[in-house]
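Please guide me through this structure feature by feature.

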Amino acid sequence: MAVSCNHSAILFSPSTAGSSSVSSSSSLIGFPRFQTLRFKSRSLYSKSRVSPVSALPSRSLEALIFDCDGVILESENLHRQAYNDAFSHFDVRCPPSSSESLNWSLEFYDKFQNLVGGGKPKMRWYFKENGWPTSTIFDSPPENDDDRAKLIDALQDWKTERYKEIIKSGSVEPRPGVIRLMDEAKAAGKKLAVCSAATKSSVILCLENLIDIERFQGLDCFLAGDDVKEKKPDPSIYITAAEKLGVSVKDCLVIEDSVIGLQAATKAGMSCVITYTSSTSDQDFNDAIAVYPDLSNVKLKDLETLLQTIVTAA
């Protein structure tokens, strides 16, 4: 039976909140120094927070744009589960002296997934820092680049299939309020879009299983990471969505869960609402027009009112 590694020592200390540096007292792992996300106290967003606004030149809500991972579904824990299942399946021991297969704890992964993007880069960085592992793929730790790439590829391929199985299992539900808000927008004649940085096949799988095929096919625009050259926080995906929807960026409202998505939306000239998850609740969302723990109590008329009272930057 796999057991969780103890990563409590590498979590952010209170002194690092609001800064771009990360401290670590663990000899096992330290987070990447290139970390640039801004974090705030989790208690700041324990309740819905709406930015103060003034009644100046208004915007009209013409299009509602959802991110997928973290907004439509809380996917990161599912990815963590799939990684841990892969580590268990191949008996990945990291460091090699470990008595049990590797298991990334929820507390550890909440921070780690925001600091190193992509599945293969995550594993490569972790193994480089903690020692390349033993496994049923390689009895001894791989010592050259080719064997290390084979190990990473095998783990990622198995993890991806496992993640698909979890999504298809019927046990995963959309985050609260998402389906109702989508239906409200459609009924009110608003354009509806989903823009995700994930691969198209992954997003299609999630949407067909979580919002159902009919709603998915009824979207006015659907874009994935494959459809643009640069991924978030680059604004390309949202600028492209506005063009395809045939609406002005100022009349689009984006729903995101992370500061990276918020940056992409605001750089595109769009207003953004945040519905955070456990792994993003400490991030700095000052540029959002509203911050909610979820969408369960958020109505379309609330979002229309927010957008109509936005202060347009000179």
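Predicted model: local features only at pLDDT ≥ 70, side-chain atom pairs only at ≥ 80, totals over all residues.

Q: How many helices and strands does the chain have?
A: Helices (H or I, at least four residues) and strands (E, at least two) are DSSP runs, numbered from the N terminus. The chain has 10 helices and 7 strands.

Q: What share of the residues counts as buried?
A: Buried means under 20% relative accessible area, exposed over 50%, and partly exposed in between (1.4 Å probe, protein chains only). Of the 314 residues of the chain, 48% are buried.

Q: Which residues touch the most other members of the largest nonpolar core?
A: A nonpolar core is a set of buried Ala, Val, Leu, Ile, Met, Phe, Trp, Tyr and Cys residues joined through side-chain atoms within 4.5 Å. The largest one holds 43 residues, and Leu64, Phe66, Leu73, Val194, Leu207 and Leu303 touch the most other members. Helix H6 gives the most to this core, with 5 residues. A second, separate core of 27 residues includes Val228, Cys252, Ala265 and Ile274.

Q: Against which elements do the buried residues of H6 pack?
A: Packing is read from contacts, that is, heavy atoms within 4.5 Å. In H6 (residues 200–210), the buried residues are Ser202, Val203, Leu205, Cys206, Leu207 and Leu210. They pack against helix H4 (145–168), helix H5 (178–187), strand S3 (191–195), helix H7 (213–217) and strand S4 (221–223).

Q: Which residues are closest to the centre of the largest pocket?
A: Rolling a probe the size of a water molecule over the atoms shows where empty space is left. On a 1 Å grid over the protein atoms alone, a pocket is an open set of points where a 1.4 Å probe fits, with protein on both sides within 12 Å along at least five of seven lines; lining residues have an atom within 4 Å of a point. The largest pocket holds about 1,300 Å³ of space, a volume being the space filled by probe spheres set on the points, which are joined across faces, edges and corners. Its lining has 49 residues, and Asp69, Glu76, Gly118, Lys122 and Ala198 are the closest to the centre. Helix H2 (106–115) supplies the largest share of the lining, 6 residues.

Q: How many disulfides are found?
A: A disulfide is a pair of cysteine sulfur atoms within 2.5 Å. The search of the whole structure finds 0. For Cys195, the nearest cysteine sulfur, that of Cys221, is 5.2 Å away. Cys195 counts as buried because its relative accessibility is 0%.

Q: Where do cis peptide bonds and positive phi values occur?
A: Most residues other than glycine have a negative phi, and most peptide bonds are trans. Here a cis bond joins Cys94 and Pro95, with omega about 0°, and another joins Lys232 and Pro233, with omega about 15°. Asp212, in the loop between H6 and H7, has a positive phi near 80°. Asp212 is partly exposed, because its relative accessible area is 31%.

Methods:
Residues numbered from 1 in each chain as written. Heavy atoms only, no water.
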